[in-house]
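Hi,

Here is the structure I promised to pass on.

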Amino acid sequence: MQGMGVDLDELRRLRRARDRMDREYAKPLDVAVLARTALMSEGHFSRRFREAYSETPYSYLMTRRIERAKALLRTGDMSVTDVCFAVGCTSLGSFSSRFAELVGETPSAYLARNHDEFRVVAPCQMMVVTRPRKHGGPRPVDEISFGEASSAGRA
């Protein structure tokens, strides 16, 4: 497989860094820390991560943080500022911009919106249904039929 550009050991190390982002999204993680996790130089790590996952390490981490922020905002128990810092962001402005870019509305608008549509979603499916989409793509909740639950909601 070496000739095809796929190094399974390297992919395992990249996955280790990606898994660390999933687990430790609220901690200060930068490319240097993640590259050390993957046992690579920063430049090599960034290039290979982008090739493997079709996005930069920063983009992946911010998507995870926004995903977690959406879950916290849906509960309505925290302010946007508190959520920003709870998910590991240090700038409210950068957080709000990235949130709006991925979700299609500001964190304040998302917080104020009614989230009853998610009551029919099993907790194990919530991550998929609410995953932030780049470039304003459709949310899975708009694409998936919930059968009886969605029929009852229209009646």
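A quick word on terms before the rest: I call a residue buried when its relative accessible area is under 20%, and exposed when that area is over 50%. Cysteine 89 has a relative accessible area of 7%, so it counts as buried. Do keep in mind that this is a predicted model.

Now the overall picture. The chain has 10 helices and zero strands, so the pattern along the sequence is simply α-α-α-α-α-α-α-α-α-α. There are 155 residues, and 35% of them count as buried. The accessible surface of the chain comes to about 8900 Å², with carbon and sulfur atoms making up 53% of that. As for contacts between residues at least 6 apart in sequence, 55% of them join residues at least 24 apart.

The aromatics are the part I'd like you to look at on screen. The structure holds five aromatic pairs. One of them is phenylalanine 49 with tyrosine 60: the ring centres are 5.9 Å apart and the planes sit at 70°, so this pair is edge-to-face. It links distant parts of the chain, with phenylalanine 49 in helix α3 (residues 42-53) and tyrosine 60 in helix α4 (residues 57-75), 11 residues apart. Both phenylalanine 49 and tyrosine 60 are buried.

Another pair is phenylalanine 99 with tyrosine 110, which is edge-to-face because the planes are at 70°, with ring centres 5.7 Å apart. Phenylalanine 99 belongs to helix α6 (residues 92-103) and tyrosine 110 to helix α7 (residues 107-112), so this pair ties together parts 11 residues apart in sequence. Phenylalanine 99 and tyrosine 110 are both buried.

Back to tyrosine 60 for a moment. Ring pairs join Tyr60 with Phe45, Phe49 and Tyr53 in a cluster. And what lies over the face of tyrosine 60? That is arginine 64, at 4.5 Å from the ring centre.

Cheers

How values were computed:
Residues are numbered from 1 along each chain as its sequence is written. This is a predicted model: local features need pLDDT of at least 70, side-chain atom pairs count only at pLDDT 80 or more; totals for chains, interfaces and linings use all residues. Side-chain values use heavy atoms; hydrogens and water are left out. Buried means under 20% relative accessible area, exposed over 50%, partly exposed in between (1.4 Å probe, protein chains only). Helices (H or I, at least four residues) and strands (E, at least two) are DSSP runs, numbered from the N terminus. Contact means heavy atoms within 4.5 Å. Accessible areas come from the Shrake-Rupley method with a 1.4 Å probe; for residues, only the protein chains shown count as cover. Rings of Phe, Tyr and Trp (its six-membered ring) pair if their centres lie within 6.5 Å; planes under 30 degrees apart count as stacked, over 60 as edge-to-face and the rest as tilted. A charge sits over a ring if NZ of Lys or CZ of Arg is within 6 Å of the ring centre and within 35 degrees of the ring normal.
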